[in-house]
Amino acid sequence: MNRLTVISAAALGALAAVYAYGAWVYEGKWGSKGSGNGEFSSPVRLAVAANGHVYVADWGNLNVQYFTPVGSFLGKWTPRTRLALAFAPNRWLYQADVDNCRIQYFDENGSFRGQWGKYGTGPGEFDGPMGLGVAPNRVVDVADTGNRRIQYFTPTGSYIGEWGARDDPTDVAVDSSGEFHTAYSPDMGVAVAPYTDWVYVTDTENHRIQYYTGSGSFLGKFGSYGDGDGEFDRPSDVAFSASGARLYVADAGNCRIQYFRWTEPAVSPASLGRVKALFR
């Protein structure tokens with residue numbers, strides 16, 4: 001595992017104070033290749049609920065399974081399509097239906113609440129939306145991959161606007177200030193860490209996770225190709241626990257989920273905020 005890369009001389013002291021005793025460390029894993037409960041064919045998308053349950057969209061088996069924070073199987077459903085997942089602040093679950101070019105959403109009890117979208121190039125239409133994120137104000141941001149754009153909507157699907165992407169956007173995450181952060185092909189997934197707003201990206205072809213400040217300055221990386229603990233084969237998504245102390249990785253090529261913890265002593269959100277301020 002690689003140590004943090006220092007960004008500038010001005011930041012050296014504060015970064016050293018925060019990271020001298022800290023790093024992402026392998027904690028556990030679950031899953032193997034198959035079609036049964038707790039098994040995967042191509043686990044591509046992740047989302048973590050407020051209660052800590054981990055939801056995994058398996059694009060190979062066309063199902064969604066959910067687990068306790070340490071991987072005990074809880075249940076599943078089989079939509080027979082590829083999905084991307086995101087939870088809203090009100091605990092509603094949003095699904096980007098890649099193959100049917102639509103967004104569906106459900107309340108915290110799992111009851112269907114509505115949907116929008118169809119195949120096309122117009123406002124509110126999609127071409128293979130591969131990722132989505134929900135902002136703190138509940139605006140829903142969708143990576144409209146085939147149309148090379150990000151579209152954003154009210155919580156119930158009314159079109160607000162869009163902006164074009166330079167390449168094919170595969171995922172989108174939103175930080176606490178409402179700023180977009182996008183993963184582009186061949187990278188697959190992006191997530192924003194709670195409290196720090198640091199941006200984590202699955203560097204899929206290089207079999208590693210990289211992370212940056214919100215303004216894009218490189219902070220660090222971990223992982224390499226393999227099937228051992230802390231190694232990856234085409235990681236496709238990342239997601240955080242609510243506290244930000246645990247990081248989940250969809251290790252798609254190895255048909256498993258791995259999770260990592262930040263080493264002790266824990267760094268307080270206030271300390272991290274002071275470090276983040278150096279990069280504004």
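A residue is called buried under 20% relative accessible area, exposed over 50% and partly exposed in between, with a 1.4 Å probe and protein chains only. By that rule, buried residues make up 54% of the 280 residues in this protein. This is a predicted model, in which local features need pLDDT of at least 70 and side-chain atom pairs count only at pLDDT 80 or more, while totals for chains, interfaces and linings use all residues. Residues are numbered from 1 along each chain as its sequence is written, and side-chain values use heavy atoms, leaving out hydrogens and water.

**Overall build**

- The protein has two helices and 22 strands. These are DSSP runs, numbered from the N terminus: helices are H or I with at least four residues, strands E with at least two.
- Contact means heavy atoms within 4.5 Å. Of the contacts with a separation of 6 or more, 41% join residues 24 or more positions apart.

**The largest pocket**

- The space in the largest pocket is about 900 Å³. A pocket is an open set of points on a 1 Å grid over the protein atoms alone, where a 1.4 Å probe fits, with protein on both sides within 12 Å along at least five of seven lines; lining residues have an atom within 4 Å of a point. Grid points are joined across faces, edges and corners, and the volume is the space filled by probe spheres set on the points.
- Its lining has 38 residues, and Val48, Phe87, Val134, Val192 and Phe240 lie nearest the centre.
- Strands S2 (43-48), S6 (83-87), S10 (131-134), S14 (169-174), S16 (190-192) and S20 each supply at least two lining residues.
- By class, the lining has 28 nonpolar, four polar and six charged residues. Ala, Val, Leu, Ile, Met, Phe, Trp, Tyr, Cys and Pro count as nonpolar; Asp, Glu, Lys and Arg as charged; the others, Gly among them, as polar.

- Gly244 sits in the loop between strand S20 (235-240) and strand S21 (246-251). Gly244 counts as buried because its relative accessibility is 16%.
- Beyond its neighbours within four places in sequence, Gly244 is in contact with Trp24 and Pro194. Trp262 is 18 residues away along the chain, and its C-alpha atom is 8.7 Å from that of Gly244.
- Asn63 belongs to strand S4 (residues 63-67). Its relative accessible area is 6%, so Asn63 is buried.
- Outside four places in sequence, Asn63 contacts Val56, Ala57, Asp58, Lys76, Trp77, Thr78 and Pro79.

**Cysteines**

- The structure holds zero disulfides, a disulfide being a pair of cysteine sulfur atoms within 2.5 Å.
- Cys101 is buried at 6% relative accessible area. Cys255 is buried at 5%.

**Backbone geometry**

- The peptide bond from Ser185 to Pro186 is cis, with omega near 10°. Pro186 lies in the loop between strand S15 (180-184) and S16.
- His207 is a residue other than glycine with a positive phi, near 55°. The loop between strand S17 (199-203) and strand S18 (208-212) holds His207, and His207 counts as buried at 15% relative accessibility.
- Arg234 also has a positive phi near 55° without being glycine. Arg234 is in the loop between strand S19 (218-222) and S20. At 45% relative accessibility, Arg234 counts as partly exposed.
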